[in-house]
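Visitor: I have a model open beside its sequence, and I would like to go through it with you one question at a time. Please tell me the cut-offs behind each term as we reach it.

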Amino acid sequence: MPESSTRDRGLPPSRLSGLDGPRRSAALFVARDVAVRAADRNRIAQSLPLARSQTRYPESVRWSPWGLSGGSAGIALMCSYLDQCLPGEGWDAIGHGFLAEGADALGRRRPTHPGLFDGLSGFAFAVDSLSRNGDRYQRMLRAVDEMLAPQAFAVAARLGMGTDGMPTTAFDTVYGASGVAAYLLRRDPFGALPRILTALVRRSEPDPHGAPRWATPPEMLASESLRRAYPSGQLNCGLAHGMPGPLAVLSLAMSAGHEIPGQADAVRALARWLLAHRVDDAWGGGWPDAVPLTPDGRAAPRRTSVATRGAWCYGTPGVARSLWLAGEALDDDELRRSAVEGVMSVLRRPVELRYLSSPTYCHGVAGLLNVVLRFAREAASHPLEDAVTALVDQLLVDYDPELPFGYASLEAGDAAVDRAGLLDGAAGVAMALMAAAVGVEPAWDRMFLLS
């Protein structure tokens, strides 16, 4: 296991980001130290019972050998990126060990779903990331692709069934078709991607009465609290679980040359729908977690002065990124401008009004940092570069070497939970900090539909 160090390992200047020297050194040190801790199996094992006693949701604390969001596959993905950033330190071998755990588990039992975050496509994503463009792990990749193919075709078939609403898990990034397609954009030896794209395009069309086909009726919402909040159902606006996921993956597919009939129209229609449901406040335009449905199944009228979160999973940053990707796919300057304005509206807010209590990725500062990094590099905006520096500073202040992993996930009520994983734990913070400090392409953020 590598030891923590402040050395920059001779990385050439052309690969560095815009952080100044002291911040870059600090970010490298913290990212590397946190990664060492997150890849320590003894720490992981010891943290699980502790985390279950710390959280209000003990059922959420689990470690999956093939899980990308909270399991061995996610740590393998982290190791793959650190191997690119810090070559020669042994991260590749550490990642191999975590992949082997997932492969052994798959030999005994397969995931019950193909989802990207905790299912088979997520494990495939990790294997592909460590394969060095397919030069290694060829047998493992073939085996996983063969297991995934029937599940991917089933996802497409389920998405294409009927015209009524459906749960977000059918099409979203975390569990559904959008996440599976994110992997298939990398590897699709059995031709499942066009089926999923076709089903997503079909779902983007309104029904004969003008109601969205991707709406979620109340009986399909995930909890009783959501059913009370949305008695007629909702249209989810989060990149993790809502329509921005299909928009992002359809746009990414177009940009990569994977286009089926009607896809450009679908991208344009979904993007325009989001723009039509933007809400405004003192800091600019943003997006709510969801748009309520009216009793007749239509979107409720747009509201104003509704504060939105600054998170990847729900809120304006994830939506803005999906709009940027749509603008790139369609070469639409208006969409690109709206996307940049959206993320700038988040950055104008006082920190306490971004509603990001946790340093972690999903609904915390690390996720916002990664989104802003993408915009700063592609939109060439100096204010966005300044925001990267401010967010890195925020994460450096939150680093606590007395914690098992250097960072803890903060839940509602400021309950601190020690987690190692990528989505809600320390590994995601390490990867976002490393991406900010070192200009190595963070291709891993395809799992978040950011690139």
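Guide: Let us begin with exposure: a residue is called buried under 20% relative accessible area, exposed over 50%, and partly exposed in between, with a 1.4 Å probe and protein chains only. This is a predicted model, in which local features need pLDDT of at least 70 and side-chain atom pairs count only at pLDDT 80 or more, while totals for chains, interfaces and linings use all residues. Residues are numbered from 1 along each chain as its sequence is written, and side-chain values use heavy atoms, with hydrogens and water left out.

Visitor: Is Arg187 buried, partly exposed or exposed?
Guide: The relative accessible area of Arg187 is 22%. Because buried means under 20% and exposed means over 50%, Arg187 is partly exposed.

Visitor: Which side chain does Arg187 meet in a salt bridge, and where in the chain do the two residues lie?
Guide: A salt bridge here is a side-chain nitrogen of Lys or Arg within 4 Å of a carboxyl oxygen of Asp or Glu, and the side chain of Arg187 meets that of Asp145 at 2.6 Å, N to O. Asp145 is buried, with a relative accessible area of 4%. Arg187 lies in the loop between α7 (177-184) and α8, whereas Asp145 is in helix α6 (residues 138-160), so the pair ties together parts that are 42 residues apart in sequence. Helices are DSSP runs of H or I with at least four residues, and strands are runs of E with at least two, numbered from the N terminus; the partner asked for is Asp145.

Visitor: Which residues does Asp128 touch, beyond those up to four places away in sequence?
Guide: Asp128 belongs to helix α5 (residues 120-130) and counts as buried, at 13% relative accessibility. Contact means heavy atoms within 4.5 Å, and on that basis the residues touched by Asp128 are Leu141, Tyr183, Arg186 and Arg187.

Visitor: How many salt bridges does a search of the whole structure find?
Guide: One of them joins Asp265 and Arg268 at 3.4 Å, N to O, and both residues lie in helix α11 (residues 263-276), 3 residues apart, about one turn of the helix. Asp265 is exposed, with a relative accessible area of 54%, whereas Arg268 counts as partly exposed at 36%. The search of the whole structure finds 29.

Visitor: Which residues are linked with Arg321 in a network of salt bridges?
Guide: Glu378 forms a salt bridge with Arg321, their closest N and O atoms being 3.0 Å apart. The pair links distant parts of the chain, since Glu378 is in helix α14 (residues 365-379) and Arg321 in helix α12 (residues 316-330), 57 residues apart. Arg321 is buried at a relative accessible area of 1%, while Glu378 counts as partly exposed at 33%. The residues linked with Arg321 in the network are Arg374, Glu378, Glu441 and Asp445.

Visitor: How many disulfides does the structure hold?
Guide: A disulfide is a pair of cysteine sulfur atoms within 2.5 Å, and the count is 0. Cys79 is in no disulfide, the nearest cysteine sulfur, that of Cys85, being 12 Å away. Cys362 is likewise in no disulfide, and the nearest cysteine sulfur, that of Cys313, is 3.8 Å away. The number of disulfides is therefore, by the 2.5 Å cut-off, 0.
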